[in-house]
Amino acid sequence: MPEPRFLVRLCLLVCLATPLIFTGCGSRGDSAVPAWAKRSLASGPTVRVRLLRKSYFSRVYLEWEQDGITLSDDQGHPIPLPDGTRRVYLKMRKQKIALAFRRGKAAFRKAKRYSEVWLKVPDREVGVISVKIPERRVYRDYEAQSLRLSIKYGRMALINYLPLEMYIARVIPEEMDAEHFTLEALKAQAVVARTWSLKNMGRHKRFGYDFCDSPHCQVYKGRKQVSRRAEKAAKMTLGEVLTYQGRLAEAFYHSTCGGNTVFVEEVWGGRRIAHLARVEDRFKLGNRAYCAPSPYARWQLLTSLRRVERALKKKSVLPKKAVLKSVKVDFINRSGRVKRIRLVTNQGERLVESGDFRKILNREFGKRRLLSHFYEIQVDGQQFRVLGRGLGHGVGLCQWGARGMAQHGFSYVEILQHYFKGTQLGMDDGDHSTTRDSASTTQNSQAGKK
Ligand SMILES: [Zn+2]
Ligand SMILES: [Zn+2]
């Protein structure tokens with residue numbers, strides 16, 4: 001890897017020189033526009049994202065501004081739109097969708113019902129459609145080639161069809177702080193999000209779509225968060241993916257590793273994946289971790305042994321009459337994460353899995369108290385203290401570490417090769433036959449933007 005300080009200097013030089021070059025040209029001709037700026041986000045395969053999967057709603061209003069948008073039913077038959085109409089009201093009625101062109105009960109009384117309603121932008125272009133769901137206070141604009149509304153299991157299901165690159169540009173700011181993270185980190189995030197998306201395309205295909213819009217897949221809220229920097233990162237890396245031995249890599253990411261990432265099999269079990277192994281998150285041993293500036297780099301929980309005892313008894317981990325004397329870490333895995341806890345009581349000892357222990361403490365002390373399994377426990381008399389590091393599962397790219405590396409002058413390619421050993425950057429060739437279902441991936445990752 002190149003000496004980072006040299007790269008920083010080089011960057012500074014280029015940054016300082018750039019305005020001079022531009023102003024020196026006199027008029028800014030076409031040659032002044034960088035190649036990436038000419039690329040369009042309306043490219044890549046179409047992805048189908050189900051919007052608000054977990055929310056129940058029974059009416060949706062759709063609105064648009066551009067010409068040529070058409071409506072059709074599940075058979076593809078056009079639904080005629082009165083002249084100049086740019087808004088439709090849709091309501092669930094008897095397991096079908098009633099469609100009206102005006103608001104109010106009277107309009108719905110005469111409304112026709114459909115099992116599916118499609119809203120299509122002509123010629124596979126991308127249009128902007130406003131989705132209004134007053135019941136859920138959702139008022140959002142979505143880029144779409146089409147929008148499909150149907151009924152699934154007694155709920156209205158809204159599916160957004162859009163080009164992959166557009167989806168990536170909108171996902172980045174949800175998963176990383178696009179305004180404050182260094183561009184190279186955003187580019188690394190773009191490649192990882194794209195690789196993950198292609199690898200997991202069809203994750204919800206049993207239900208007729210690819211991804212949900214929640215952290216289960218990747219957080220997506222349409223144009224609610226438009227970031228020019230995220231768009232730039234997507235365009236600069238357009239079509240680029242991470243590969244391992246010629247196939248799409250498993251590209252997971254998390255907020256803050258806290259010092260080193262983990263072996264994937266130690267988190268989710270299953271087989272070893274060579275490029276998802278433990279990586280030291282620092283330039284050389286003894287240095288501060290790249291993710292040290294993260295607000296989640298260090299955290300602690302301070303309470304009394306009594307309260308921990310009470311929490312454990314609530315979940316019947318300890319018998320009612322037991323007195324908790326101490327809590328110890330019983331087993332730490334090769335990634336440095338706590339696997340098992342030993343509870344020392346007046347009635348002997350008891351082992352508890354760290355996953356269960358974390359759930360119990362988070363339920364008792366607030367949702368986000370134990371942010372990871374990277375911690376030590378100190379018991380001093382009645383005082384109980386957990387000193388922890390990092391946020392998230394620790395697999396793959398450490399987002400705050402990527403930010404740190406970028407600030408040290410590393411490029412996005414170097415960042416990716418640091419966290420995913422043995423991988424290479426390639427272009428998406430459109431062959432996604434290797435897709436498979438995998439465990440929840442981006443858990444806690446949206447917290448990386450804090
Ligand atoms: Zn999902
Ligand atoms: Zn890290």
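An open sheet of 3 strands has the order 18-19-20, and its pairing is antiparallel. Here helices (H or I, at least four residues) and strands (E, at least two) are DSSP runs, numbered from the N terminus, and two strands pair if DSSP finds at least two bridges between them. Strand 18 (324-332) and strand 20 (348-353) form the edges, each with a single partner strand, so one side of each is left without a neighbour in the sheet. From one strand to the next, the twist averages 25°.

The structure is a predicted model, in which local features need pLDDT of at least 70, side-chain atom pairs count only at pLDDT 80 or more, and totals for chains, interfaces and linings use all residues. Residues are numbered from 1 along each chain as its sequence is written, while chains are lettered from A and ligands numbered from 1 in the order in which they are written.

Strand 18 and strand 19 (residues 338-345) run antiparallel and are joined by 7 bridges. One residue pair illustrates the arrangement: Phe 331 has Arg 340 in strand 19 as its bridge partner. In general, strands of a sheet pair through backbone hydrogen bonds, either parallel or antiparallel.

Helix 8 (residues 354-365) lies across strand 19 and strand 20, and runs at about 90° to strand 20. Such angles run from 0 to 180 degrees between N-to-C directions, and axes are lines fitted to C-alpha atoms, for helices over the stretch in contact. Helix 8 also meets helix 7: Arg 307, Ala 311 and Leu 312 in helix 7 are in contact with Ile 360, Leu 361 and Glu 364 in helix 8. Two residues are in contact if their C-beta atoms, placed from the backbone, lie within 7 Å.

A second open sheet to consider has 7 strands in the order 4-3-8-11-12-1-13, with mixed pairing. Its edge strands are strand 4 (78-79) and strand 13 (211-212), each of which pairs on one side only. Within this sheet, strand 1 (residues 46-51) and strand 12 (residues 155-163) run antiparallel, joined by 6 bridges. Val 47 has Leu 162 in strand 12 as its bridge partner. Helix 3 (residues 164-175) packs on the sheet and touches strand 1 and strand 12, with its direction at about 105° to that of strand 12.

| Helix pair | Angle | Axis separation |
|---|---|---|
| Helix 7 (residues 305-314) and helix 8 | about 110° | 10 Å |
| Helix 4 and helix 10 | about 55° | 8 Å |

Helix 4 is therefore oblique to helix 10, whereas helix 7 and helix 8 are roughly perpendicular to each other. By definition, angles under 35 degrees count as roughly parallel, over 145 as roughly antiparallel, 65 to 115 as roughly perpendicular and the rest as oblique. Helix 7 passes helix 8 in a right-handed crossing, and helix 4 passes helix 10 in a right-handed crossing. A crossing is left-handed if the near helix is turned anticlockwise from the far one by less than a right angle, and right-handed if clockwise. The contact between helix 4 and helix 10 involves Glu 184, Ala 185, Lys 187, Ala 188 and Val 191 of helix 4, together with Tyr 412, Ile 415 and Leu 416 of helix 10.

**The buried interior**

The largest nonpolar core has 109 residues, and those with the most contacts inside it are Ile 172 and Ile 415. A nonpolar core is a set of buried Ala, Val, Leu, Ile, Met, Phe, Trp, Tyr and Cys residues joined through C-beta atoms within 7 Å. Helix 4 gives the largest share of this core, 9 residues.

Ala 193 is placed in helix 4 (residues 183-199). Ala 193 is buried, with 28 other C-beta atoms within 10 Å; a residue is buried if 20 or more such atoms lie within 10 Å of its own C-beta, exposed if 12 or fewer, and partly exposed in between, with C-beta atoms placed from the backbone. Not counting residues up to four places away in sequence, Ala 193 touches Ile 168, Val 171, Ile 172, Glu 175 and Gln 218. The C-alpha atoms of Ala 193 and Tyr 253 are 8.6 Å apart, although 60 residues separate the two along the chain.

Helix 9 (residues 399-407) is mostly covered, with 8 of its 9 residues buried. These buried residues pack against helix 4, strand 16 (253-254), strand 23 (397-398) and helix 10 (412-419).

**The protein as a whole**

The secondary structure comes to 10 helices and 24 strands. Buried residues make up 41% of the 450 residues.
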